[in-house]
Each structure stands twice: as C-alpha cells, then as structure tokens.
Amino acid sequence: MKVLYTCGYSTSLAALFLAIGIFSCFRKLHCTRNSIHIHFFTSFILRGAAVLIKDAVLFSDESVDHCTMSTVKCKASIAFVQYSVLANFYWLLVEGMYLQTLLLLTFTSDRSYIWWYILIGWGVPMLTVCVWVVTRLQYDDHGCWDDYSSPYWWVIKAPILLAIFVNFLIFLNVTRMLAQKIRSPDISKNYKQQYMRLTKSTLLLIPLFGVHYVVFAFFPEHIGVDARLYFELVLGSYQGFLVALLYCFLNGEVQSEIKRNWGKWQSTMESNVFNMATQDFTA
C-alpha cells in the first residue's frame, strides 16, 4: 500500500507543479479564478509533501516501533498532515464559494473577495490545528498524536464536516442557480460558457471529496480499517492529479492559450531560420 500511495502522491505533485507553472507563466491566465486554483493546488502539494515527510519521520528507523514513538518531530509531522488536509477541504469550500459568488454577483469585481478567500483557505485550518495542538499538549500528550480513537480528533473532524456540509448546500444552490442562468435570455453566451467550465469541475469535486470522509467520520475507528486506509491513502493520493486535470489540463482556456503560444513560438523559430538562411545566401 505504501508503494501505491507514494506513486500516487509523486504523480499528483508533478501534475500540480506543472499546472501552477502553466497558470503562472501565461499572463492571459492571471485572474482571481486561477489564483484560487493555484492556492487549491498548493494545498494538495502540502498534503503530498506532509505524507511523505510523515513516512520519513515514522519509518526512518526500522528498529523503532512507530506506534510508541513520541518525539517532537513525529508530532509536528502529524500536525502538518492535519493542516494540509484541512486546507484541502477549506480551499474546496472557497472554490464553491467563489462559484456561488460568480453566479450571484455577475457584475461585481471578484478581486475584492480574494483576501477573505485566503483567510478562509489558510487561516481557518491554521487556527484549527493550533487549537488541536494545544488541546493535545494539555490533555492527551501521548504517543505520536496519530491515535484516531482519541476524542480530541473531533477538533479536526468537526471543521472538516462543517466545510463538507456548507459545500453540499452550495452544491444544491449552485445547481439551482445554474439552471436559471442557462435558461435566462439576458445572459450572454460567453458568460454561460464561463459558468459551465467552472461549474462542471467544482460540482464534480464537492461530492467526490466529501462523501467518503462523511461515511467514515461517524464509524468507530476499528471498523472498516482496510477500506478507510485505501480511500484515504491510495485513492486520496491521486486527488491532486484529478484536481490539476479538471482545473488546468482539461480547461479549454488553458489549452487555447498553450496552442496560441506554441504557434507563436513556431512562427518565431521559422522566421529566425529564414532570416539566417537569407543572411547566408547574401553573404
């Protein structure tokens, strides 16, 4: 299983770095929507890095039983994992909130909301993890803090379930609003295409990322351990790749921009070759 999720996270990291590079390099792709995507990608990069760092800390010494390990490095790596998981869910929440704002406030500048999105996406997870760390230090400072049977895990679980619940409400509301927007004769074709591009990706991810967490959150930790590990580690490791695929590689706007720049580069190269050939001929 470790080999499977290591391959998954490595694939996701490569895809996410490439996607961020594409959004950053092409000026035409610089906008609030893609800035939110970059933050979302970054949360998955942190998650992949956190899992790999945790494995390096826990399994660096085969002679040590990681179940009884209780070092500062071990606890810090677990806290980092929890922060990255929280950031995943809250940046998905931001994606849903942005989509809803786009549909509600068509003519309002979306840049005015970006700092609120950043505060929700990075700030809420940081506050939650800080509360969890202080709680564990005060009341349950045993082991490596990876005992999921501890009641203090609800400090982490409750905000994630709240984000999933709010996203589900957004899912229903966006679906309703989208149906109204598409039928409306006052909305231009370009706006309808913009809505559809973003909506297809976000509405697919909201249930995809939330269902398995809700299912397992209320089960006792000793029930369905193998299924839980498979969903959270193996399938979860490819979520970053899926996000990069939906928001970047399959994005028509991104594909058009890459084709345009590729054609421009080819024309420049052909022109340079022609000029060099002309100079050699005249010489």
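This is a predicted model: local features need pLDDT of at least 70, side-chain atom pairs count only at pLDDT 80 or more; totals for chains, interfaces and linings use all residues.

Mentor: Let us begin with the crossing of helix 1 and helix 2, which is left-handed. Helix 1 covers residues 2-25 and helix 2 covers residues 32-58; the two pack at an angle of about 150 degrees, and their axes lie 9 Å apart. An angle over 145 degrees counts as roughly antiparallel, and helix 1 and helix 2 are therefore roughly antiparallel to each other. Sorted by class, the contact of helix 1 with helix 2 holds 15 nonpolar, 6 polar and 3 charged residues.

Helix 1 itself has 24 residues. From its first C-alpha to its last it reaches 34 Å, close to the 34 Å expected at 1.5 Å a residue. Its buried residues are Tyr5, Gly8, Tyr9, Ser12, Leu13, Ala15, Leu16, Ala19, Ile20, Ile22 and Phe23.

Helix 2 also meets helix 3. The axes of helix 2 and helix 3 come within 8 Å and cross at roughly 160 degrees. That angle makes helix 2 roughly antiparallel to helix 3. The crossing of helix 2 and helix 3 is left-handed. The residues of this contact divide into 20 nonpolar, 7 polar and 5 charged.

A further partner of helix 2 is helix 8, made of residues 239-249. The axes of helix 2 and helix 8 come within 10 Å, crossing at roughly 165 degrees. On the side of helix 2, the contact is made by His37, Phe40, Phe41, Phe44 and Arg47. On the side of helix 8, Gln239, Gly240, Val243, Ala244, Tyr247 and Cys248 take part. By class, the contact of helix 2 with helix 8 has 7 nonpolar, 3 polar and 1 charged residues.

We may now turn to helix 3, which runs over residues 72-104 and has 33 residues. Helix 3 reaches 47 Å from its first C-alpha to its last, close to the 48 Å expected at 1.5 Å a residue. How enclosed is helix 3 by the rest of the structure? Of its 33 residues, 27 are buried, so helix 3 is largely enclosed.

Setting aside residues up to four places away in sequence, lysine 75 touches Ser70, Asp141, Gly143, Cys144 and Trp145. Glutamine 82 is likewise placed in helix 3, and its relative accessible area of 6% makes it buried. With residues up to four places away in sequence again left out, glutamine 82 touches Val129, Trp132, Tyr148, Trp153 and Ile156.

Tryptophan 145 is found in the loop between helix 4, residues 114-139, and helix 5, residues 154-183. At 3% relative accessibility, tryptophan 145 counts as buried. Its phi is near 65 degrees, a positive value in a residue other than glycine. This is worth noting because most residues other than glycine have a negative phi.

Glycine 121 lies in helix 4. Glycine 121 is buried, with a relative accessible area of 0%. Leaving aside neighbours within four places in sequence, glycine 121 is in contact with Ala87, Tyr90, Trp91 and Val94. Glycine 121 and isoleucine 36 are 85 residues apart in sequence, yet 9.4 Å apart in space, C-alpha to C-alpha.

Finally, these contacts may be set within the whole chain. The protein chain contains 9 helices and 0 strands, so to read it from the N terminus on is to follow the order α-α-α-α-α-α-α-α-α. Of its 283 residues, 43% count as buried. Among contacts between residues at least 6 apart in sequence, 78% join residues at least 24 apart.

How values were computed: Residues are numbered from 1 along each chain as its sequence is written. Side-chain values use heavy atoms; hydrogens and water are left out. Helices (H or I, at least four residues) and strands (E, at least two) are DSSP runs, numbered from the N terminus. The expected span of a helix is 1.5 Å times one less than its number of residues. Buried means under 20% relative accessible area, exposed over 50%, partly exposed in between (1.4 Å probe, protein chains only). Axes are lines fitted to C-alpha atoms, for helices over the stretch in contact, and angles run from 0 to 180 degrees between N-to-C directions. Angles under 35 degrees count as roughly parallel, over 145 as roughly antiparallel, 65 to 115 as roughly perpendicular and the rest as oblique. A crossing is left-handed if the near helix is turned anticlockwise from the far one by less than a right angle, and right-handed if clockwise. Ala, Val, Leu, Ile, Met, Phe, Trp, Tyr, Cys and Pro count as nonpolar, Asp, Glu, Lys and Arg as charged, and the others, Gly among them, as polar. Contact means heavy atoms within 4.5 Å.
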